[in-house]
Amino acid sequence: MTDAEMLVRLLTALGAGADDARGWAESEVREGFPQLARYRLLRALAQDVQAWDAVTVAALRYGTSQAEDVIDIARAVARETTFSVLYRLSDPDSDDLPVDLQRQLPGWALVETTPVGELTGRVLGAVYEDLNTLDPGAEAARDTTVAAGWIWETNLRPFCESLAAEVAYDFDDSDWLAIDTALPGTDDEQPLSAWYVYPLVGRRRVELHVAQSVGGGEVSVSVQGAVDGPTRSRVALLLDVMARYRMIASE
């Protein structure tokens, strides 16, 4: 298989149309442009943009008549978009591609240059982690809260397993035992700092804060961490589903 044929195969696997894949492959072979890496990055960023469709509809569905509200929403969207771009730049493998395919694809890095454009060899890593330090309103608007609310207590283990899968953490019986044992001693009327905290560290790190609703069948949940926009949207949707429906284990 020639280099061009391999590039066409990989571009097609990423979702490029046949004509586009051939054109980009020829450009990379003949002109030396990193078209496969460019397409992979653009594909990931396009997914981040598309993920905002549902979030934006949910945020705007009630309408607003205040200019300040519109500004706050626009700033939040811009902040999340910037965060997602920086996150993608720092971690090419944060996309949804199978591991076997990821191992065949080029990545990228944000690299420092001298004033005359020469590479210094130093990589600007994890820039997204410090984005909030330059935005005075970011900490209050974004904080580190991915999603917060309540779910039915019977849904807690499915929620934990689904959240763990989102960050590529292998959640097992020992993880569940730790959470299940600690839950009865919690009270969601106490400050968040007094809730039980369980870290899930996979491709990303999030912290699961849980506390029981005393006298009720609900559990209050707060997921904390630095994640991209699509992950934030999926976790929020998961929380909403677990509050609306009671999960039934299949036999």
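Biologist: Why are Leu237, Val241, Tyr245 and Met247 called a nonpolar patch on the surface?

Modeller: A patch joins residues with over 30% relative accessible area and no salt bridge, nonpolar side chains (Val, Leu, Ile, Met, Phe, Trp, Tyr) being linked within 5 Å and like charges within 9 Å. Leu237, Val241, Tyr245 and Met247 form such a patch, with about 370 Å² of accessible area together (Shrake-Rupley method, 1.4 Å probe, only the protein chains shown counting as cover for residues; a salt bridge is a side-chain nitrogen of Lys or Arg within 4 Å of a carboxyl oxygen of Asp or Glu). This is a predicted model, in which local features need pLDDT of at least 70 and side-chain atom pairs count only at pLDDT 80 or more, while totals for chains, interfaces and linings use all residues. Residues are numbered from 1 along each chain as its sequence is written, and side-chain values use heavy atoms, with hydrogens and water left out.

Biologist: What makes Met247 buried, partly exposed or exposed?

Modeller: Buried means under 20% relative accessible area, exposed over 50%, and partly exposed in between. Met247, in the segment after α9 (229–244), has a relative accessible area of 33%, so Met247 is partly exposed.

Biologist: And what makes β6 mostly covered?

Modeller: In β6, seven of its eight residues are buried.

Biologist: How do you know that β3 and β6 pair?

Modeller: Two strands pair if DSSP finds at least two bridges between them; seven bridges join β3 to β6, which run antiparallel, so the two are paired. Ala148, for example, has Ser222 as its bridge partner in β6. Helices (H or I, at least four residues) and strands (E, at least two) are DSSP runs, numbered from the N terminus.

Biologist: What is the order of the four strands in the open sheet?

Modeller: The order is β3-β6-β5-β4, with antiparallel pairing. β3 (145–152) and β4 (196–201) each have a single partner strand and stand at the edges, so one side of each is left without a neighbour in the sheet. From one strand to the next, the twist averages 20 degrees.

Biologist: How do you know that helix α7 packs on the sheet?

Modeller: Contact means heavy atoms within 4.5 Å, and α7 (residues 156–166) touches β3, β4, β5 and β6 (218–225). The direction of α7 makes about 170 degrees with that of β5, where angles run from 0 to 180 degrees between N-to-C directions of lines fitted to C-alpha atoms, for helices over the stretch in contact.

Methods. Buried means under 20% relative accessible area, exposed over 50%, partly exposed in between (1.4 Å probe, protein chains only).
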